[in-house]
Amino acid sequence: MHDTPTIIFEDNHLLAINKPAGWLVQGDRTGDETLTDWGKQYLKVKYEKPGAVYLNPAHRIDRPVSGAVLFGRTDKAMGRLTIMFRDKKVQKSYLALVLKAPDRPEGVLKHFLLKDEKKNIVEVLRLPGGAAKESITRYKFLKKIGSLFLLEVEPVTGRPHQIRAQLSAVGCPILGDLKYGAPDPLPDASIGLHCHSMELIHPVRQEPIAIHAPLPETDWWAGVL
């Protein structure tokens with residue numbers, strides 16, 4: 001199995017887990033164990049809960065991506081989190097290792113993404129059309145690490161494969177991301193994309209919280225530190 005998840009924030013209403021690459025957030029046709037299953041078992045054991053444990057993810061990150069995933073532990077928190085994500089009130093920041101530097105040191109990418117559900121890949125369009133949905137991503141170049149380039153990336157919208165597809169569309173594919181233009185895979189089948197922080201107003205306590213997910217301990221992320 002893949003690396004073990006770690007808890008990075010916990011209170012009565014929320015649970016945030018640092019997801020190792022390779023874990024699914026929610027179940028799919030593979031039937032593999034999910035991060036949600038792992039979180040429920042963690043809560044069940046820690047609090048000696050009989051019966052079913054309530055835990056729902058407020059968002060997802062792709063299987064080969066690592067980093068922070070936020071869950072609601074109560075109906076009340078979950079309902080409010082859903083609205084906050086919908087209204088773009090949660091600021092997510094990713095680190096991306098890309099194979100080529102972007103043309104400008106910082107900028108905003110705007111495209112329209114069309115998801116092919118059967119192939120699980122998205123097509124990037126310059127102009128709106130059909131079922132394509134607008135996708136907006138901010139990026140900032142941080143530093144060069146060997147032959148790689150480190151970007152800080154903030155998705156404004158929350159489309160499937162958004163960061164991966166948009167960076168690829170501007171000639172900056174993510175390390176190891178074969179689906180979106182990288183020539184070679186990484187040994188653990190991960191990609192160089194990590195959700196390293198989230199900032200939001202706590203849905204119940206109404207105070208600001210910041211959640212940080214440490215980087216994976218792999219050779220390719222070592223240079224970032």
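Modeller: Just after helix 2, Lys88 takes a positive phi of about 60°. Helices (H or I, at least four residues) and strands (E, at least two) are DSSP runs, numbered from the N terminus.

Biologist: What kind of model is this?

Modeller: This is a predicted model; local features need pLDDT of at least 70, side-chain atom pairs count only at pLDDT 80 or more, and totals for chains, interfaces and linings use all residues. Residues are numbered from 1 along each chain as its sequence is written, and side-chain values use heavy atoms, with hydrogens and water left out.

Biologist: Where does Lys88 lie?

Modeller: In the loop between helix 2 (75-86) and strand 5 (91-98). Most residues other than glycine have a negative phi.

Biologist: Which residues of helix 2 are buried?

Modeller: Ala77, Met78, Leu81, Met84 and Phe85. They cover an arc of only 125° around the axis, so they lie on the same side of helix 2. The arc is that of the directions from the helix axis to the C-beta atoms. On the other side of helix 2, Asp75 and Arg86 are exposed.

Biologist: What do the buried residues of helix 2 pack against?

Modeller: Strand 2 (14-19), strand 3, strand 4 (66-72), strand 5 and strand 10 (193-201). Contact means heavy atoms within 4.5 Å.

Biologist: Now the whole protein. What does its secondary structure come to?

Modeller: Four helices and eleven strands. The radius of gyration is 18 Å, close to the 17 Å that the globule rule gives for 225 residues, so the protein is as compact as a globular protein of that length. That radius is taken over C-alpha atoms; the rule is 2.2 Å times the number of residues to the power 0.38.

Biologist: How much of the protein is buried?

Modeller: Of the 225 residues, 48% count as buried.

Methods. Buried means under 20% relative accessible area, exposed over 50%, partly exposed in between (1.4 Å probe, protein chains only).
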